[in-house]
Amino acid sequence: MDIVFEVIGWAGTVLILFAYLMLSIGKLENGRTYQLINLFGAIGLLINGAVHAAWPSAILNVVWSGIAVYSLIQLVRKRGAQPVTPPAHTP
């Protein structure tokens, strides 16, 4: 069972590094996709940290996940606040 938690932890590491790399080289913007990748990466590292009682890492990833969730909520609210332009009617 330990191998499962190791794979989860490494997958989380890869996700966070991938998101940061793509953001840094301009291939990804700070939006929904970036925040979702960060969220899933942080959850993977949180699980791994908790299983290994690596509490500083686990707490860091609780906060990291919280930031991602907060950012996603803000994106949803921002999108909901934007006026919807009806399609142009052409006869």
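**Figure 1. Overall view of the predicted model.** The accessible surface of the protein comes to about 6,700 Å², and carbon and sulfur atoms hold 71% of it. The protein contains 3 helices and 0 strands, arranged α-α-α from the N terminus on. Of its 91 residues, 26% are buried. Among contacts with a separation of 6 or more, 60% join residues 24 or more positions apart.

**Figure 2. Helix H1 and its buried residues.** H1 consists of 23 residues. From its first C-alpha to its last, H1 reaches 33 Å, close to the 33 Å expected at 1.5 Å a residue. The buried residues here are Gly9, Gly12, Ile16, Ala19 and Met22. An α-helix has 3.6 residues a turn, so residues three or four places apart point the same way. The buried residues of H1 pack against H2 and H3. Just after H1, Gly26 has a positive phi of about 80°.

**Figure 3. Trp10 in helix H1.** Trp10 has a relative accessibility of 57% and therefore counts as exposed, the cut-off being over 50%. Trp10 and Gly44 are 34 residues apart along the chain, yet their C-alpha atoms are separated by 7.8 Å.

**Figure 4. The packing of H1 and H2.** The two axes are 7 Å apart, and the helices pack at an angle of about 150°. Angles over 145 degrees count as roughly antiparallel, so H1 and H2 are roughly antiparallel to each other. Their crossing is left-handed. On the H1 side, the residues that meet H2 include Phe5, Ile8, Gly9, Gly12, Leu15, Ile16, Ala19 and Leu23. On the H2 side, those that meet H1 include Tyr34, Ile37, Asn38, Gly41, Ala42, Gly44, Leu45, Asn48 and Val51. Gly9, Gly12, Ile16 and Ala19 are among the buried residues of H1.

**Figure 5. Helix H2, residues 32-51.** At 1.5 Å a residue, the 20 residues of H2 should span 28 Å, and the 29 Å between its end C-alpha atoms agrees with this. The buried residues of H2 are Tyr34, Gln35, Ile37, Asn38, Leu39, Gly41, Ala42, Gly44, Leu45, Asn48 and Gly49. The cover over these buried residues includes helix H1 (2-24) and helix H3 (55-81). Just after H2, Ala53 takes a positive phi of about 55°.

**Figure 6. The crossing of H2 and H3.** The axes of H2 and H3 come within 8 Å and cross at roughly 155°. That angle makes H2 roughly antiparallel to H3. The crossing of H2 and H3 is left-handed.

**Figure 7. Asn61 and its contacts.** Asn61 lies in helix H3. Its relative accessible area is 3%, which means that Asn61 is buried, the cut-off being under 20%. Leaving out residues up to four places away in sequence, Asn61 touches Ile16, Ala42, Leu45 and Leu46.

Definitions and conventions: Residues numbered from 1 in each chain as written. Predicted model: local features only at pLDDT ≥ 70, side-chain atom pairs only at ≥ 80, totals over all residues. Heavy atoms only, no water. Helix = DSSP H or I, 4+ residues; strand = E, 2+ residues; numbered from the N terminus. Expected span 1.5 Å × (residues − 1). Buried < 20%, exposed > 50% of the residue type's maximum accessible area, 1.4 Å probe, protein only. Contact = heavy atoms within 4.5 Å. Areas by Shrake-Rupley, 256 points an atom, 1.4 Å probe, with all protein chains shown as cover. Axes fitted to C-alpha atoms, helices over the stretch in contact; angles between N-to-C directions. Parallel < 35°, antiparallel > 145°, perpendicular 65-115°, else oblique. Left-handed = near helix turned anticlockwise from the far one by under 90°.
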